[in-house]
Amino acid sequence: MMNPKTQNKVAIGTLYGVAGLVVLILLALLGYILVSGLPQLSWHFLTAPAKAFLKGGGVGIQLYNSFYLLILAMLISFPIALGAAIYLYEYAKDNWVTTTIRTAIEILSSLPSVVVGLFGFLFFVVKLNLGFSILSGAFALTFFNLPLLTRSIEDSLRTIDTTQREGGLALGLSRWETVTRVILPAAVPSILTGVILSAGRVFGEAAALIYTAGQSAPALDFTDWNPFNISSPLNPMRPAETLAVHIWKINSEGIMPDAKAISSGSSAVLVLAILLFNFAARYLGKRLYKRLTSA
Amino acid sequence: MKSTEQLEQQLKRHSKAAKLEVWGKVVSFSALLLIVAVVVAIIGFVASKGLATFFSNHVSLWDFLSGKSWNPGITDAHGKPEVGALPMIVGSFLITILSALVATPFAIGTAVFMNEISPNKGAKILQPVTELLVGIPSVVYGFIGLSVIVPVTRTLFGGSGFGILSGTCVLFVMILPTVTSMSVDALRAVPRYYREASLALGATQWQTIYKVVLRAATPGMMTAVVFGMARAFGEALAVQMVIGNAALMPGSLVDPASTLTSVLTTGIGNTVMGSLQNNALWSLALVLLLMSLIFNLIIRLIGRKGRLQ
């Protein structure tokens with residue numbers, strides 16, 4: 001039997017080792033993505049359309065699709081999540097109805113994204129006849145995004161002191177006015193942080209999209225901004241492969257000669273975008289907080 | 001001079017603010033109802049599609065759960081379709097349990113290091129790195145698995161390199177950041193005075209960690225691990241890219257295999273809606289859905305138990 005002091009040393013040494021190993025794995029992972037991906041990046045790679053059988057294609061359309069889908073999904077999910085969070089935190093009484101609703105939201109957040117995607121396929125693509133389209137994809141992403149965004153907005157509301165609510169109500173404002181005029185402005189910085197972080201998640205999602213937004217990226221005409229034309233970038237009814245889906249697609253079909261280089265580049269773009277979202281969330285959150293509270 | 005009736009009407013009428021209040025309440029509540037409706041619709045649709053295999057195509061539930069050959073297009077010697085989902089169910093459970101077994105010690109060790117031993121380094125290096133890795137898209141993990149882990153497995157163990165082992169490695173790295181950051185939260189919830197009391201009694205740091213802090217944080221840690229398992233079980237693309245996609249009972253860890261999610265992602269686009277092949281895939285989706293509900297339930301039970309203690 002070791003004496004407790006040696007035991008302590010051995011155990012803590014082991015923990016140092018474990019933590020070091022984990023840092024090593026994680027850094028190697030990040031390093032691999034960036035080292036193998038960054039050399040692929042060029043203006044041509046980021047803007048040129050993909051080529052199916054030849055070398056030298058880019059990911060321009062996929063990159064554009066990813067952003068377009070992200071914006072649409074956020075536009076649909078933000079108001080719903082905001083409303084739901086306001087009701088849950090400001091109005092809901094602590095009874096079985098609220099508990100059931102909370103359970104439902106938790107279930108939605110724990111559903112595998114492929115199941116959400118399959119439901120989107122069944123309901124939007126087939127039943128509502130929207131086909132493989134940006135719109136179907138945006139709805140699928142909305143379902144995927146709603147529970148987490150709702151929870152993060154609710155957490156933001158929770159950080160606002162109750163005295164603010166009491167102050168509003170004492171001035172004779174209705175509950176709704178208190179929320180919209182007093183609570184929400186104070187909560188904007190942390191809500192924004194939550195929105196940007198969830199945007200990062202949506203940006204990289206692929207499993208929910210392969211059967212809703214589709215796996216093909218028809219050529220786009222970036223001079224045609226009439227949303228009713230099929231080649232217009234704004235048309236929400238066209239199939240739209242995103243960057244994340246593109247990585248999956250070219251790796252599982254394997255007809256593109258430079259699939260590996262393209263995937264490395266695309267992975268680096270995805271990771272850089274997520275990094276950017278993370279930094280933006282922190283930076284903007286702080287900036288806005290300073291400006292709005294003049295602290 | 002107003003008549004009393006007019007005055008009465010004026011007093012009884014709702015003010016603008018009151019109307020706005022009702023409006024706001026109704027709008028925010030409908031947003032909430034919409035989310036609930038989505039959940040009900042997802043469960044309802046997937047269940048109705050998934051159960052069709054058993055009710056319209058008359059496949060017996062037992063054959064589905066215990067059959068070992070998956071080939072919904074072909075009928076066997078008895079004229080029954082071959083829809084044995086056991087290989088996929090076993091595949092899914094194997095990679096989930098294996099990856100959780102490997103990830104748990106690393107995640108808990110790292111979390112203890114971050115919170116108890118070196119909070120400074122933890123906050124400076126480990127926290128931002130894990131936060132970033134939680135956000136990395138699963139296809140990126142799949143791609144790295146495909147270009148690094150699969151070739152390494154191939155050189156070390158022979159075969160194609162695709163299989164349960166590669167899937168486990170990919171999922172291990174994928175759930176590690178999630179489990180770690182949730183374990184850190186669990187450790188953080190342990191009150192400071194527990195540690196102080198233990199150290200004041202003369203316990204070493206390790207004794208304090210092992211006998212006090214970890215015991216108190218057990219329910220939270222278990223939640224973290226189950227959460228990681230749920231994520232591993234439901235992960236589709238990263239696993240599909242490295243598992244080899246052969247709907248066979250896995251003979252060893254380096255043979256090509258498949259999981260519920262991998263069969264779904266590759267199959268659903270190649271079958272006709274309403275056919276048996278398609279319905280059988282929806283039954284797999286239903287199994288996936290039920291498992292995610294069960295994981296949810298386990299997390300709840302752990303939470304309740306943790307509160308009672």
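What share of the contacts in chain B with a separation of 6 or more comes from residues 24 or more positions apart? The figure is 69%. The model is a predicted one.

**Chain B as a whole**

Chain B holds twelve helices and two strands. Read from the N terminus, its elements follow the order α-α-α-β-β-α-α-α-α-α-α-α-α-α. The radius of gyration is 26 Å, well over the 19 Å given by the globule rule for 309 residues, so chain B is more spread out than a compact globule. Its C-alpha trace spans about 95 × 70 × 35 Å along the principal axes.

Burial comes next. Of the 309 residues in chain B, 49% count as buried. The chain exposes about 14,500 Å², and 66% of that area is supplied by carbon and sulfur atoms. Chain B carries 22 positive and 12 negative side chains. The centres of these two sets lie 8 Å apart.

**Salt bridges**

Side chains of opposite charge can pair when their charged atoms come close. Over all chains, a search of the whole structure finds nine salt bridges. The table lists three of them.

| Pair | Closest N to O distance |
|---|---|
| Arg300(B) and Glu106(A) | 3.3 Å |
| Asp155(A) and Arg158(A) | 3.1 Å |

Glu154(A) sits in helix α6 (residues 134–158) of chain A and Arg102(A) in helix α4 (residues 96–110) of chain A, so the pair ties together parts 52 residues apart in sequence. Glu154(A) is buried, at 4% relative accessibility. Arg102(A) is partly exposed, with a relative accessible area of 32%.

The salt bridge between Arg300(B) and Glu106(A) crosses between chains. Arg300(B) belongs to helix α12 (residues 276–308) of chain B, and Glu106(A) to helix α4 of chain A. Both partners have intermediate accessibility: Arg300(B) is partly exposed at 26%, and Glu106(A) is partly exposed at 30%.

Asp155(A) and Arg158(A) also form a salt bridge. Both lie in helix α6 of chain A, three residues apart, or about one turn of the helix. Asp155(A) is partly exposed at 36% relative accessibility. Arg158(A) is partly exposed too, at 42%. Through shared partners, salt bridges join Arg102(A), Glu154(A), Asp155(A) and Arg158(A) into one network.

Definitions and conventions:
Residues numbered from 1 in each chain as written. Chains lettered and ligands numbered in written order. Predicted model: local features only at pLDDT ≥ 70, side-chain atom pairs only at ≥ 80, totals over all residues. Heavy atoms only, no water. Salt bridge = Lys/Arg side-chain N within 4 Å of Asp/Glu carboxyl O. Helix = DSSP H or I, 4+ residues; strand = E, 2+ residues; numbered from the N terminus. Buried < 20%, exposed > 50% of the residue type's maximum accessible area, 1.4 Å probe, protein only. Rg over C-alpha atoms; globule rule 2.2 N^0.38 Å. Contact = heavy atoms within 4.5 Å. Areas by Shrake-Rupley, 256 points an atom, 1.4 Å probe, with all protein chains shown as cover. Lys, Arg positive; Asp, Glu negative; His and termini not counted. Charge placed at Lys NZ, Arg CZ, Asp CG, Glu CD.
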